[in-house]
Amino acid sequence: YLIICKKNDLEIPEAHLLEACEGPLENALSTVLRENPEGEILVNVTSGTGQFMTILCLLATKPKFSRVRLMQVAAPSEVVKEGGNSQEKKEELSDSDKEQQIEEKKEEPAEIDIVEQLMKNNQDNRQENETEEDYKARMQRENRCVSPNLHCIDQALARKQLEKLLESYEYHAAKIILESNRIEADQPEIMLLVEHLQLRQNLQRREAWEKVKDFQGDFIFFPLAGQEELEEIVEYYLVLEMLQKTGKLTELIIRMNPFILKLQEVYLRTQCGFDLGRVKEQNKNRFFYLSDKKLEKYYPKLRSYLRKLPANKCKRWKGGETFKGADIKIESLCDVIQYYTNDLKARKEVASFFNHSINLNYERNAAAHGFYGVEESSVAATMGEDMDSRALLRYCKQLLIQCYTVLDNNPVFSMYEDIHRMITDKL
């Protein structure tokens with residue numbers, strides 16, 4: 001190394017405060033790095049105030065200080081003072097000797113060569129009868145400089161980052177933190193749980209189950225196992241809820257369409273006695289539609305009602321004398337729900353909600369096919385002033401519980417947060 005010694009005066013009025021030390025020390029390190037763009041900066045943290053050492057260790061973990069290397073100097077295995085063995089007791093100085101020392105200090109020059117002083121203090125004393133060559137050999141053999149392992153600090157910071165990423169449901173980024181900070185190697189079950197959450201968030205339920213099927217403990221990862229349709233719709237709802245909580249409103253609205261359709265189907269079957277599966281068929285383009293023949297066979301009164309709809313609605317039902325049913329869309333299922341309303345207040349509210357969802361789907365189309373971002377004001381304008389995105393999902397959840405009473409107080413709705421707590425408890 002080329003040794004460069006520069007004096008840098010740091011003004012820290014309240015050096016006993018951690019926050020008072022951070023700014024000046026960070027600025028000083030940044031200046032040294034800027035002045036030495038190709039250099040490795042060695043920082044001695046062997047001694048100093050606790051505040052200084054703590055801040056220096058924390059700064060060294062920042063990416064922008066990757067060229068800063070902390071050093072500590074261990075005590076020498078042997079220390080021999082001039083004039084005798086270090087193990088000997090120092091004699092008590094007489095008053096006259098103390099006065100002489102004070103006078104000698106007064107005679108020292110005010111300005112000293114700081115490099116010479118550092119080098120003088122940096123050298124271990126030579127032992128008695130030790131040659132220059134032996135001394136140098138011993139110095140090389142006894143390198144007392146060590147670079148402290150900041151693994152504990154890195155992991156403490158990584159834990160905080162990981163907790164924030166879990167709160168934001170950012171599992172890919174959480175995996176990167178685990179891998180880069182060796183938490184994966186130290187605690188493999190944490191990586192397993194994060195991978196499970198990532199797969200589950202991507203609706204890969206089978207793969208997610210494979211990750212945790214041998215997990216030790218009594219935690220139930222899939223409380224709805226064996227109820228395929230119910231599990232599918234609830235898992236999708238949880239993804240929508242994550243998008244809402246993290247403010248990804250446009251993506252939420254884009255993904256609402258298949259959920260609303262499924263919710264309509266479930267509501268009609270469980271609350272109205274209308275089984276969509278009995279009357280739907282698939283055309284050559286693999287699109288599902290409501291079959292006129294099957295409607296006539298299983299629900300003739302409903303078919304008669306649909307044929308008499310106003311002209312603007314008949315268009316989607318291919319009405320008149322050539323009635324052929326309709327494609328399965330939110331609009332067409334809204335008409336079916338309207339038929340089953342029967343002036344019941346509760347069903348009227350549900351019918352109104354689904355009718356508003358038609359307009360919400362227009363927002364979805366604008367966002368999916370153009371440069372358009374959905375805002376909360378758009379949701380309120382579409383669904384009603386009292387219904388923002390959070391209220392929208394809350395109402396959907398109420399409908400799910402109404403259709404499936406097994407969901408009432410079911411732990412599946414807090415599944416992601418429960419696994420988050422399991423992870424943080426293991427850290």
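Phe221 is buried, with a relative accessible area of 4%. Its ring pairs with that of Phe219: the centres are 4.8 Å apart and the planes stand at 75°, so the pair is edge-to-face. Phe219 itself has a relative accessible area of 29% and is therefore partly exposed, since buried means under 20%. The model in which these two residues are seen is a predicted one.

**Overall make-up**

The protein has 427 residues, and 37% of them are buried. Its secondary structure consists of 22 helices and 8 strands. Of the contacts between residues at least 6 apart in sequence, 64% join residues at least 24 apart. The accessible surface comes to about 26900 Å², and carbon and sulfur atoms account for 48% of that surface.

**Confidence**

The average pLDDT of the protein is 82, and 80% of the residues score at least 70.

In soluble globular proteins, nonpolar side chains tend to be buried together. The largest nonpolar core here has 87 residues, and the members that touch the most others are Met256, Phe259, Phe274, Phe353 and Phe354. Helix α11 (residues 228-245) supplies the largest share of this core, with 10 residues. Beyond residues up to four places away in sequence, Met256 touches Leu240, Leu392, Leu393 and Cys396.

**Aromatic rings**

A pair of aromatic rings is described by the distance of the centres and the angle of the planes. The structure holds 15 aromatic pairs. Two of them are set out below.

| Pair | Distance of centres | Angle of planes | Arrangement |
|---|---|---|---|
| Tyr169 and Tyr416 | 6.4 Å | 80° | edge-to-face |
| Phe219 and Phe221 | 4.8 Å | 75° | edge-to-face |

Tyr169 is in the loop between α6 (151-167) and α7 (171-180), while Tyr416 is in helix α22 (residues 415-426), so their pair ties together parts that are 247 residues apart in sequence. Both Tyr169 and Tyr416 are buried. Elsewhere, one aromatic cluster is formed by Phe274, Tyr299, Tyr305, Tyr339 and Tyr340. Phe274 was also named above as one of the residues that touch the most other members of the largest core.

Charged groups also meet ring faces. The charged end of Lys280 sits over the ring of Phe288, 4.7 Å from the ring centre. Lys397 lies over the face of Phe413, with 4.5 Å to the ring centre.

**Around Glu281**

Glu281 belongs to strand β6 (residues 280-282). Its relative accessibility is 28%, so Glu281 counts as partly exposed. Apart from neighbours within four places in sequence, Glu281 is in contact with Phe287, Phe288, Tyr289, Ser291 and Lys294. Phe288 in this list is the residue whose ring lies under the charged end of Lys280. Ile328 is 47 residues from Glu281 along the chain, and the C-alpha atoms of the two are separated by 9.7 Å.

Methods:
Residues are numbered from 1 along each chain as its sequence is written. Side-chain values use heavy atoms; hydrogens and water are left out. A nonpolar core is a set of buried Ala, Val, Leu, Ile, Met, Phe, Trp, Tyr and Cys residues joined through side-chain atoms within 4.5 Å. Buried means under 20% relative accessible area, exposed over 50%, partly exposed in between (1.4 Å probe, protein chains only). Helices (H or I, at least four residues) and strands (E, at least two) are DSSP runs, numbered from the N terminus. Contact means heavy atoms within 4.5 Å. Rings of Phe, Tyr and Trp (its six-membered ring) pair if their centres lie within 6.5 Å; planes under 30 degrees apart count as stacked, over 60 as edge-to-face and the rest as tilted. A charge sits over a ring if NZ of Lys or CZ of Arg is within 6 Å of the ring centre and within 35 degrees of the ring normal. Accessible areas come from the Shrake-Rupley method with a 1.4 Å probe; for residues, only the protein chains shown count as cover. pLDDT is the predictor's confidence in each residue, from 0 to 100.
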